[in-house]
Amino acid sequence: MFLKAFRVKSNTAIRGSDRRKLRSDVSNSFPSLSLDEISELIPNKEEISVMRVMTHSGQNITVFCLSGEPIFFEVEKRVIPTVYTLWKFPDLLLSFTTWPPVLEKLKGGADLMLPGVVVPSEGVSALGRFEKGAICSVCLNENRAPVAVGVTLVSSRDLLEDGMRGKGVMIYHVYQDLLWAHGSKRPLPQLTVLDDEVKTDEVKNSLQELSFDDAEGTEHNKSREDSYIDGSTDTEGGFTGDDVENNEANAANAAGDENEQTLSEEATYKDVEEEATDTPNSLLDNMDDLLEYCFFCTLLRMKKVELPLLTSTFFRTYLLPSCPAGKSLDIKKSSFKKLSKFLQCMQDRRLIIVQEASKGVDQISTIVWENPELKDFKAKRPVVENATEVTSLPASAGTQTEPPRIEELFSVSAAMLPIFSEFGYRKSAVMSPSDVRTVVTNYVKSHELVSTENKRMVVLDPTLTKILLNKNEDIAFLPWDQLIERVSSKMNKCHQITFPGQDPLIRKGKIESIEIKVEQRMGNKKVTLIRNLELYGISPQEFAHNIQLKAACSTSVSQLPGKNISPGMQVLIQGNQVAIVAKFLLDEYKIPKKYISGLEHLKSGKKKK
C-alpha cells in the first residue's frame, strides 16, 4: 500500500473533536489498551496532524501523525496502528512469526504466505482463534518487534483445514516502506520474546478455546499439521501411508513428552507457591511497594499541611523524607516511571484529588481521609525507623530547596522550515541555541555563502534574503552574529523546565518571571503581591506560610482573575516585604535573579547586588 510514492492531498492539525473521536475509535478497536496507554498514544498537549493521502493505486487513506511520526492510518473506516506504535505495544494485535529472509519479500510487495509462518512447537492451534479479515502484525523469529501490519486472508479454522497452504496475511504497511520513511526512520528495535512460562499459559488458553465438535476431524487435522511441520508431503500435496504412521508415532511421543513437561511444570508451580507462602512479605524490597508505602505514610502525616499543594512540592518536601533509613526512593525505577502517572493511579484509587493549578502544573487539592485503604493502612502500618516527620515548616527550617532547571529553547517555525528541513528538522522541532547556531553554520558552509573578501561576513542567498530581510531592506551581506540573531528572532520561543523527581516539561513561549509588586491600598497601607510561583514549582500556600512566620505579618492566597480555567494563584502580604520575599526566592528557593521581576522595589540599603 505504501511501497510506491503516495500523494499528500492535505496535512492539517487535528481538531479537538477529531482527537476525541480518534481516542474513541482506538479504544473501541483495541479494548486491551488502558486509558493511560491511550493517553500516551494520543496525548492532549502534543501536536497531532491529520494527513490525507492518495496511494499509487488511487486509494484514499487517512494517516494520523504525532509530532510528525505516523501512529495510525485508516483503511475502510478501520483504524490500524503503524509499526512505530506496535514497537511500543508489540502485543496489541494478533501476531504471526516468520523467518528473517521473508522480510525482504514483504518489502518487495509480497503478501505473507502460510508456508512462511513459523509454527509454534505446540502446533498450529497454538496460533489462537481468529476470523478472516482480522487486523494482525508480522514479526521475525526471536524478535517481538513487528515488521509489518495487515489483515488475515483466512480464519483459524480454514488455516487448519487447508494445511497451512496459500496466502495468510494481506500486507498493508511494512517496515522501511514510504509510510515508515515519513516518520523518524528509527531502525527496527530488538524486543525479546516472552518467557516460556507465559507462552505456555497462552498456548493452554488457546488450546482450550479452540475446540472442534468432530473428534475424528480433529485427529485428521492434527496428523496433517504434524506431517506439514515435519515436511513429509508428496509432490501432489497429499500424504503417504508411511508418513502418516511416522507422524502418529511422533505425535504420541510428543504427547508423552508434553505430559511429562506438564507434570514437571505443575510440580515447579507448587514449589514456588509453597516457597512464596513460607517467605515473609518483604514489602519494601520492590520499588512500587516502597513508593506506595511512603505515599501512605506521607498522607497520614499531612493533616496539618494546608492544601492545595503542588505535586512537585509534595514529592520533594513530603514524599522523599518519608523513605525509611537504608532505602532509596527512585520513581524512575518503578513501573510508573513518572510522578504524574503514580499520582493519577492514586487518584483512580480515590486516595487524593489532583487538579491543574496552571498550564502544565498540577496540585493535590484534596486528601480523601475516608478512603478504606488509608484507614486500613493507618491501623496496620509498621513503624518506619528514622523517617522524617512531615510538617509545614518554613523552608529555612529544613534543608535548602533544590531549584528547578530552566533552559530556554527554540522551535522551528514555518518561516524557517526551508533552512532547517535540509538537516532533518520538522516544523515545531525543539532545539537548543547551540543547535540553532550549528544548523546555521552548516547551511552557510554547505551553500558556500562565506564571503571570500571577509570571512566574518555571510552572503545572503535568495532563501536567506526572503526569510530574514524586511521589504525595505537591501542588504547583500550580514555578519555572523547578526545572521544568527535574526534567525533566532524568526523562530518560536519555548522553554524546558525540570522539577526534582520529574521528567523535563517543555512549554511554548518564554517563561514568565516571578512578579513582585507593591501596591497602595486604602488608608495609605501597602501590600506586596507575588505571582507565577507555580511555574517554578513553588507552592503559593507554603510560600505564604513561610513569609508569615518570617515577617510576622498576615498573608493570604487567592485565585487570579481571568478567563482561563486555571489562571494561577496570587500571594498577598501586608506591608512592603520585597526584601524578605527576594531573600526567600534567591537564597532558599535558588531562583535565578533574571527570572524575578520587581526587585527594584527593594528599599535603599537593602538592594541585592
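**Charges, cysteines and a buried strand residue**

A patch of negative charge on the surface is formed by E131, D158, E161 and D162. Patches consist of residues with over 30% relative accessible area and no salt bridge, with like charges joined within 9 Å and nonpolar side chains (Val, Leu, Ile, Met, Phe, Trp, Tyr) within 5 Å. Asp and Glu count as negative and Lys and Arg as positive, while His and the chain ends are not counted. Each charge is placed at NZ of Lys, CZ of Arg, CG of Asp or CD of Glu. Accessible areas come from the Shrake-Rupley method with a 1.4 Å probe, and for residues only the protein chains shown count as cover.

The model is predicted, so that local features need pLDDT of at least 70 and side-chain atom pairs count only at pLDDT 80 or more, whereas totals for chains, interfaces and linings use all residues. Residues are numbered from 1 along each chain as its sequence is written, and side-chain values use heavy atoms, with hydrogens and water left out.

Salt bridges number 13, each being a side-chain nitrogen of Lys or Arg within 4 Å of a carboxyl oxygen of Asp or Glu. R15 and D18 are paired at 3.2 Å, N to O; R15 is exposed at 55%, and D18 is partly exposed at 26%. In helix α19 (residues 578–588), K583 and D587 stand 4 residues apart, about one turn of the helix, and their side chains form a salt bridge of 3.3 Å, N to O. Salt bridges with shared partners also link E292, R349 and E373 into one network.

A further salt bridge joins E515 and K517, with the closest N and O atoms 3.1 Å apart. I516 belongs to strand β20 (residues 514–521) and is buried, at 2% relative accessibility. Its C-alpha atom is separated by 9.7 Å from that of V571, 55 residues away along the chain.

The structure contains 0 disulfides, a disulfide being a pair of cysteine sulfur atoms within 2.5 Å. For C323, the closest cysteine sulfur is that of C294, at 4.5 Å, which is too far for a bond. C323 is buried, at 11%, and C139 is buried at 7%.

Definitions and conventions. Buried means under 20% relative accessible area, exposed over 50%, partly exposed in between (1.4 Å probe, protein chains only). Helices (H or I, at least four residues) and strands (E, at least two) are DSSP runs, numbered from the N terminus.
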